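The tour below goes from one selection to the next.

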Amino acid sequence: MSTLTTLSVPDIAKLREEFPILHQKVNGKNLVYFDNAATNQKPKRVINALVNYYEGFNANIHRGIHTLAERATRAFEDTRLEAQRFINSREAEEIIFTRGVTESINLVASSYGRAFLNAGDEIIISGLEHHSNIVPWQLIAEQKGALIKVIPVHENGELNVEAYQALLSAKTKIVAVNHASNSLGTINPIKHIIDLAHEAGAVVLIDGAQAAAHLPIDVQALDCDFYCVSSHKMYGPTGVGFLYGKRELLDKMPPYMGGGEMIKDVSFERTTYNDIPYKFEAGTPNIGDVVAFKEAFLFINELGKENIAAYEHRLLQYAAERLSTLPSVRLIGTAPEKVSVQSFVIEGIHHFDIGQMLDTRGIAVRTGHHCTQPLMECFRIEGTVRASFSIYNTKEEIDLLIEGVDRIVKFMK
Ligand code: PMP
């Protein structure tokens, strides 16, 4: 069995001090937070940035010429530059702030789909997708008479790449897959998926919700057409994220929403639209959260994604090994390449009951279908218990999870 020896990140105990929320009792026990794939916790620097914005320079951006408006605009645009660096996009203008991955995918499905999809065209998604990367495509497919094809998933949670190749054809217009699965943790071979899609003449959208805090992202090297990120999955505030899109595509896509900021000139007869990114940022954006989002990028950059990934990988391996030794526990999602997510079921015990009993021990896990109902169906289960690990989690916390699950099994059987 592997053990967590020297950490490649300096000091987890010290790092935990940066996360005030972790230091509390839940149901009389020290909180063990293993619901990081749903949303991870926020370090003080992110929380402070939000407070500083509202206490120091809250103002509406872009249009104001007074000092506070200029400060707020600068801080907002600084986050865009940080996002550009984070994913290595060619231009900052290719970063569009949205509410998160869900809105980013809806933007592309609605705008790109409205302009470029026709009856009989095909959209390929995968069996691993979150509902956010299924339903927007269903909505536009229905409007346009397009068809959705689904890449099947192997028993271990990997995508069937040969089946994907067989689905691709001249009819394929869009391929939309996640970088990493929220339910199983599988890291998908997105570079290969993108290259094959491009050979078929399709554009590719990558749902990066579960990748941003863990995996390196270089949109130029990947050559993806769209990439979607949520701040709240990467130590930033909720309610904000961004869409990356290649300029040549964003320039020719129609606006998603109409309103202030996205226009050049408005008359009752005719309106002309602003340049990207503003064309897609109608209305007053979520300024405070965008400003604080910058601190999340810096937090990850300072720790180093390779360090984060290496540490979390050891937590994952330890958890998977220990869970698999427990009687009646079946691991769901055993692909060789995974982010730090481990789903499991226990024969004869409903996942909700397990979640509730772990909660009485102060352990927060997610239970249910994780917004991936088709995937659950493919495994012929209703849902799983999902423990997902972050940089502030420890081996000792995993021991508490194992002890809890072990007790539940013994108590219920
Ligand atoms: N895709 C995946 C893979 C996710 O895990 C999530 C969040 N659970 C989403 C999309 C949706 O993200 P958001 O709710 O932040 O828009």
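This is a predicted model: local features need pLDDT of at least 70, side-chain atom pairs count only at pLDDT 80 or more; totals for chains, interfaces and linings use all residues.

Residues are numbered from 1 along each chain as its sequence is written, and side-chain values use heavy atoms, with hydrogens and water left out.

**Stop 1: the two domains**

Colour 9-42 + 304-412 as domain 1 and 48-301 as domain 2; such bounds come from an automatic or database domain assignment. Their C-alpha centres are 28 Å apart. The contact (heavy atoms within 4.5 Å) involves 40 residues of domain 1 and 35 residues of domain 2.

Between domain 1 and domain 2 about 2,900 Å² is buried, and carbon and sulfur atoms give 55% of that. Buried area here is the accessible area (1.4 Å probe) that two parts lose on being put together, summed over both. Now select Lys305, Val339 and Leu375 in domain 1: these lose the most area to domain 2, together 23% of what that side buries.

Next, show the side chains of Glu155 and Arg380, which form a salt bridge at 3.9 Å, N to O. The term means a side-chain nitrogen of Lys or Arg within 4 Å of a carboxyl oxygen of Asp or Glu. Across the interface of domain 1 and domain 2 the rule finds 1 salt bridge.

**Stop 2: the largest pocket**

On a 1 Å grid over the protein atoms alone, a pocket is an open set of points with protein on both sides within 12 Å along at least five of seven lines, while a cavity is a set where a 1.4 Å probe fits but cannot get out; lining residues have an atom within 4 Å of a point. Grid points are joined across faces, edges and corners, and a volume is the space filled by probe spheres set on the points.

The largest pocket holds about 370 Å³ of space. Select Thr102, His130, Ser132, His232 and Lys233, the closest to its centre among 24 lining residues. Helix 4 (101-116) and strand 16 (366-368) each give two or more residues to this lining; helices (H or I, at least four residues) and strands (E, at least two) are DSSP runs, numbered from the N terminus. Where does the largest pocket lie? Domain 1 and domain 2 both give residues to its lining, so the pocket lies between them.

**Stop 3: the second largest pocket**

About 210 Å³ of space is found in the second largest pocket. Select Phe97, Thr98, Arg99, Glu103 and Pro285, the closest to its centre of the 17 residues that line this pocket. Strand 4 (95-98) and helix 4 give two or more residues to the lining.

**Stop 4: the largest cavity**

The largest cavity has about 90 Å³ of space. Of its 15 lining residues, Asn36, Ala37, Gln210, His214 and Phe389 are nearest its centre. Domain 1 and domain 2 each supply at least three residues to this lining.

**Stop 5: two backbone details**

Most residues other than glycine have a negative phi, and most peptide bonds are trans. Select Ile276 and Pro277, which are joined by a cis peptide bond with omega of about 5 degrees. Pro277 is in the loop between strand 12 (271-273) and helix 10 (287-303). Finish at Glu261, whose phi is positive, near 75 degrees. Glu261 is in the loop between helix 9 (247-252) and strand 11 (263-266).
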